[in-house]
Amino acid sequence: MPDITFMPDRQTVRVRPGTTLLDAGRRANAGIRTRCDGKAACLMCKVIVEDDTGLAPMNRNEQLKLGSLSEMGYRLACQTRAFGNVTVTVPEDPLKAAVRALLAKQQEEDGI
Ligand code: FES
C-alpha cells in the first residue's frame, strides 16, 4: 500500500496501488485543482514529482498535454497512478499567489 505525501502541507495518505494522485490528493485534502474531473482536459491538476520511482510511467497522452513541463518533473495528477511511496508538491493556486504578491507589495509600500 503506497504512502503518498503532499507538500507543502505534509499530508500523507495510504492508498491502494494504482490510485491516481488526484484521488489520493482528494483524500488528503491537498487542494489539487480540477475542472474536467480527471479527464486530462483542463490541465489544472499539474503537480511536481521529483522522484517518480513509485509512479507508473507517463502515458503518451499525458506527455503530449504536458509538453516540455514533463521534463521539469510535472505530472497530471489525474493521469498518474501510484504503485509505491511518493512525495508530490502541489503548486500554489495562481490566484492565491497573485493576491499574496499584491499584499506583500502593499505592505512594503506601507513600510510594514
Ligand atoms: S483534472 Fe483536468 S487535466 Fe487532470
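Select residues 3-7 and residues 11-14: these are strands β1 and β2, which pair in the antiparallel sense over four bridges. Strands pair here if DSSP finds at least two bridges between them. Helices (H or I, at least four residues) and strands (E, at least two) are DSSP runs, numbered from the N terminus. The model is predicted, so local features need pLDDT of at least 70 and side-chain atom pairs count only at pLDDT 80 or more, while totals for chains, interfaces and linings use all residues. Residues are numbered from 1 along each chain as its sequence is written, and side-chain values use heavy atoms, with hydrogens and water left out.

Next, show T5 and find T12 in β2 standing opposite.

Now show the side chains of D3 and R14, which meet in a salt bridge with N and O 2.7 Å apart. D3 belongs to strand β1 and R14 to strand β2, and the two residues are 11 apart in the chain. A salt bridge is a side-chain nitrogen of Lys or Arg within 4 Å of a carboxyl oxygen of Asp or Glu. Side chains of opposite charge can pair when their charged atoms come close. A search of the whole structure finds five salt bridges.

**From helix α1 to the loop**

Move to R26 and D37, whose side chains form a salt bridge of 2.6 Å, N to O. R26 sits in helix α1 (residues 21-28), and D37 in the loop between α1 and β4 (46-48). Are these two residues buried, partly exposed or exposed? R26 is partly exposed, with a relative accessible area of 42%, and D37 is also partly exposed, at 48%. Buried means under 20% relative accessible area, exposed over 50%, and partly exposed in between (1.4 Å probe, protein chains only).

**Helix α2 and strand β5**

Select R75 and E62, which form another salt bridge, the closest N and O atoms being 3.0 Å apart. This pair links strand β5 (residues 74-76), where R75 lies, to helix α2, where E62 lies, and the partners are 13 residues apart. Both R75 and E62 are buried.

K65 is partly exposed, with a relative accessible area of 35%. Which residues does K65 touch, leaving aside those up to four places away in sequence? They are A40, A41, L43 and L76, where contact means heavy atoms within 4.5 Å. Zoom in on A40: its backbone oxygen lies 2.8 Å from a polar atom of the K65 side chain.

**The whole chain**

Zoom out to see three helices and seven strands, running β-β-β-α-β-α-β-β-β-α from the N terminus on. The C-alpha atoms fill a box of roughly 50 × 30 × 25 Å along the principal axes. Of the 112 residues, 36% count as buried. Among contacts with a separation of 6 or more, 59% come from residues 24 or more positions apart.

Terms used:
A polar contact is a pair of N or O atoms within 3.5 Å; within protein, one must be able to donate a hydrogen and the other to accept it, and residues adjacent in sequence count only if both atoms are side-chain atoms.
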